[in-house]
Each structure stands twice: as structure tokens, then as C-alpha cells.
Amino acid sequence: MDENVSMKCGLEIHVQVDTKSKLFCRCPTNYNEVPPNTNICPVCIGHPGARPMPPNKKAIDIAVMVAKMLGCEIVLNKDIYFQRKHYRYPDLPGGYQRTTVPVGVNGNFLDVGITEVHLEEDPGQYKPDLGVVDYNRSGTPLIEIVTEPDMKTPEEAREFLKQLMRLFKYIGHLRGEGTMRADVNISVNYKGIQGNRVEVKNVNSIKGVYKVLKYEYIRQKNILRRGGEIKRETRAYMESQMITKAMRSKETADDYRYIPDPDIQPIVLDSNWVEEVESKMPETPMEKEKRFMEEYGIKEGDAKVLVSDLALAEVFEKVVHELGVDEKNINLAVTWIRNELRRVLAYNKIDFFESNLKSEHLTELIKLIIDNTISQKIGKRVIEIMVENRGKKTPKEIIEELGLTVITNDDVLINACEEAIKNNPKAVEDYLNGNKVALNFLMGQVMKLTRGRAEPKKVVEILKEKLKDYS
Ligand code: ZN
Ligand code: MN
């Protein structure tokens with residue numbers, strides 16, 4: 001970044017609530033799973049005279065919960081009415097979108113001010129390239145979060161969104177990054193000259209927001225540097241070319257001709273309602289991190305990694321309790337979940353949920369290692385197979401099937417040690433001359449001969465014993 005230039009970024013983030021039915025009618029919200037224009041009725045496609053049902057209670061509850069978790073003050077004992085926001089686009093058959101006034105205001109998340117949180121309905125889907133409109137999505141509840149222009153770099157905005165999506169996972173009932181759409185507001189200051197604010201509409205991924213900010217930063221800076229003026233306008237993000245393009249000069253609130261929707265009773269939140277929502281509120285990721293460090297005595301780094309993925313955090317706790325809460329078991333659970341399981345999931349490009357593993361799989365695996373039925377090395381192999389099989393087999397079944405148990409039989413180990421000694425006279429000589437590393441080499445050879453199944457302690461004993469004969 002150039003020291004003569006600074007930028008300010010604010011976001012308007014939309015995410016769907018996973019209610020079964022839409023905001024004002026009983027049509028289902030599984031718009032992606034059914035043929036176009038089948039999940040629709042006169043209410044959600046805006047037929048004149050169609051009477052909306054009272055707004056979906058779950059959608060309101062989740063809006064309140066999101067506002068609460070973002071540190072907002074909830075708007076209490078006041079009409080929270082739906083407004084009609086008018087604009088013309090093929091995805092909006094009624095000519096207006098129904099959107100509430102704020103449910104919560106004045107929040108703060110990661111040092112970014114939260115201006116407001118409100119509830120609204122999703123429009124349909126217009127595909128200009130195909131000339132097709134599908135109204136299945138129309139009327140699905142959305143939560144919108146409006147931030148203050150407090151983010152100063154593309155990296156900061158990206159981190160904010162990542163943390164916000166993680167918070168959504170913790171809250172549940174939200175469809176998260178897959179349905180996220182953000183409007184990105186950005187203005188640039190060049191050597192004290194403040195450019196106008198530009199809005200980039202409908203960016204549908206975190207990566208997209210990051211690219212948009214990078215691009216706009218340079219575009220606006222270059223215009224200001226040449227003495228030009230930044231137009232106050234709305235732009236579109238061209239994902240394939242990774243650029244933004246002017247759409248229209250910016251609408252003002254007047255252009256939308258907001259009016260309260262006369263067909264919908266306003267929502268009035270009281271303290272009982274908010275308390276009921278609070279009683280269902282989950283632990284935040286930050287709270288969980290802190291609790292993991294206090295309750296299990298694990299390091300901050302380990303807590304951060306485990307908590308970064310709610311599913312892993314939950315399985316970690318289950319495994320610890322299944323093994324019995326003590327320091328040794330906790331350390332093993334950290335090693336096998338934080339390190340090994342994550343490694344294997346990343347290799348298979350799946351998340352924990354997709355692996356079909358349950359805490360019992362991991363607990364059993366760790367027990368087999370504790371009682372020395374298998375070595376650590378074999379344990380790594382077993383966890384790989386478990387994930388590849390998507391949890392169809394237990395660790396015990398895998399090691400029995402593949403004959404992976406530790407070899408403790410003396411005769412087999414003695415034979416392997418003798419062979420390793422016979423085949424590696426140089427290492428034997430080194431060892432006899434006082435080179436301790438040579439013993440590790442011989443040990444490695446025995447492991448190779450036994451395909452990693454020899455019990456290490458016994459191998460060392462036997463090797464030392466046998467090597468005495470050579471001195
Ligand atoms: Zn409907
Ligand atoms: Mn909106």
C-alpha cells in the first residue's frame with residue numbers, strides 16, 4: 001500500500017436464514033433442489049392483492065440473535081415495520097422488496113462498527129445470459145448486516161468476513177458463505193483529496209470482496225492521482241475478469257421510494273422475547289477458545305485451531321470426555337485431532353462432517369495407541385484409511401483386516417534385528433565406534449522389515465543385546 005493513499009471500506013452483508021418456509025408464505029425455501037418456478041405462490045411473487053402471512057418467527061429470532069452476537073442494542077418496544085423498497089429488475093416481480101427497519105443498532109465486531117442488522121426477503125434469480133427468471137428463491141428470509149466504513153485494507157475486510165462466517169456457523173440456522181452476498185462500499189483518499197464513495201453490488205464470495213477492494217483501490221487512486229474525480233456510482237463485479245464495471249449512478253434513499261408495507265403488521269420486540277432468544281444463544285468462538293484453555297489447559301494456538309472449526313471443536317470435547325479428562329488424554333486428543341485428523345481431511349479436501357467420522361472412531365484409535373496395540377506410525381495409517389472409507393470401518397476392523405497390530409513376538413523381532421545387522425555392516429561399525437545415530441538407522445531398517453509394526457522399545461533392547469556380540 002502507498003503511504004499517500006488510504007482507503008475506507010464498509011460492507012452490507014446478506015445471508016439467508018435456513019427456515020423451512022419463506023418469510024411471508026408457506027412455500028419451501030429449497031429453491032435449488034426443485035425445477036424453476038415451482039416453489040411459488042401469489043404472495044412470494046408479488047401478485048397484487050395477495051395477502052402475506054405474519055413474518056416467520058424463526059427468521060425474526062435469528063435476526064435478533066445475530067444482532068445480539070454482534071454487540072448491537074436491540075430495538076425494543078417500538079414498531080419494527082416492513083418497508084417496501086422499490087426498484088425495477090426482472091428478479092423482483094412485485095416491483096418492491098420487503099425489508100425491515102433496524103432490529104439492532106450500534107454494534108461492534110472485531111473493532112468494526114455495526115450500523116444495523118435487519119431482516120428482508122430475497123428476490124428471485126434472473127439469469128441475463130439465459131434470459132431466464134426463476135422465482136423459487138423469491139421471499140426467502142435474509143439477514144442484512146450493515147457495517148461502518150471502518151475497514152482500512154482489503155486484508156482487514158477479508159478477515160472480518162471470515163470471522164463473521166465462523167460466527168454464523170456457531171449461531172447455526174444460517175446458510176453462511178454459500179448464500180452470502182455483499183455490497184462493498186469503498187472510498188479512497190489520495191494526498192488529502194477525498195474521493196466519492198463507490199458501491200460494488202452483489203459480490204458473492206469473500207475472495208470476490210477481497211479482489212474488488214484491491215481493484216478499486218488502484219482504480220480510484222489512479223484517477224485521483226491524475227487529478228480526476230471519482231463518480232459517486234454503483235458498480236458491478238465481473239467475476240471472470242476480476243474487474244468492476246460502472247452500472248448506474250448511485251441511487252439515493254429517495255430513488256427507492258420507501259413506504260411502510262400496509263399489509264404487514266409491524267414486529268414489536270419486548271424484553272421477554274429477547275430473553276427467550278438469549279437463552280438459546282450459543283457460546284461465541286472467542287468464549288469457546290477461552291474455555292478450552294481454562295478447562296483443558298491447552299495452549300492458545302491449539303485452542304484457536306480447534307475452535308476455528310466448530311465440528312472439530314465439538315469432536316475434540318467428546319473424545320476428551322470419552323477417554324477421561326486428564327492431561328495425557330487431552331494431549332493425545334490435541335495431537336490426533338488438531339494435527340493428524342486435520343492433515344488427512346485437508347489431503348482429502350473434505351471437512352469433518354463429510355468424513356462421516358464420529359468421536360467414537362477417534363476415541364477407539366487413541367485407545368489402541370495408549371494400550372500399545374498399534375504404534376503411532378500405524379495410527380497415522382489407520383486414520384488415513386478411516387477418512388478414505390468415510391467412517392465405514394472402525395479402527396479395530398481396519399487393523400485386523402490389514403494385520404497392522406504391533407509385533408511383540410520375540411522370535412519375529414530377533415529375526416528382523418539379525419537381518420538388519422547382517423545387511424548393514426557399515427552402521428554396525430559406526431555404532432561400535434561410538435556413533436549413537438547408527439542405532440537409529442538400524443532401528444529404521446527393522447521397522448522397514450516389519451512394515452512399521454515392530455514395538456520400538458523391544459527392538460532397541462534386542463539390537464543393543466545383539467550388537468554386544470560384535471564388540
Ligand atoms: Zn409463496
Ligand atoms: Mn439489502
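Strand β11 and strand β13 (residues 198–203) pair in the antiparallel sense over four bridges, and within β13 the bridge partner of A182 is V203. Strands here are DSSP runs of E with at least two residues, helices are runs of H or I with at least four, and both are numbered from the N terminus. Two strands count as paired if DSSP finds at least two bridges between them. This is a predicted model: local features need pLDDT of at least 70, side-chain atom pairs count only at pLDDT 80 or more, and totals for chains, interfaces and linings use all residues. Residues are numbered from 1 along each chain as its sequence is written, chains are lettered from A and ligands numbered from 1 in the order in which they are written, and side-chain values use heavy atoms, with hydrogens and water left out.

Here are the pairings of β11 side by side.

| Partner of β11 | Sense | Bridges |
|---|---|---|
| β1 (residues 5–16) | antiparallel | ten bridges |
| β12 (residues 193–194) | antiparallel | two bridges |
| β13 (residues 198–203) | antiparallel | four bridges |

How many residues of β11 are buried? Ten of its ten residues, 181–190, are buried, where buried means under 20% relative accessible area, exposed over 50% and partly exposed in between (1.4 Å probe, protein chains only). In a regular strand the side chains alternate between the two faces of the sheet. In β11, R181, D183, N185, S187 and N189 point one way, while A182, V184, I186, V188 and Y190 point the other.

The manganese ion (ligand 2) is coordinated by H14 (NE2), E120 (OE) and E144 (OE) at 2.1 to 2.4 Å. H14 lies in β1 and E144 in strand β10 (residues 141–147), so the pair ties together parts that are 130 residues apart in sequence. Donors are N, O and S atoms within 2.8 Å of the metal (3.2 Å for Na, K and Ca); water is not among the atoms, so sites may look incomplete. H14 is buried, with a relative accessible area of 9%, and E144 is buried at 6%.
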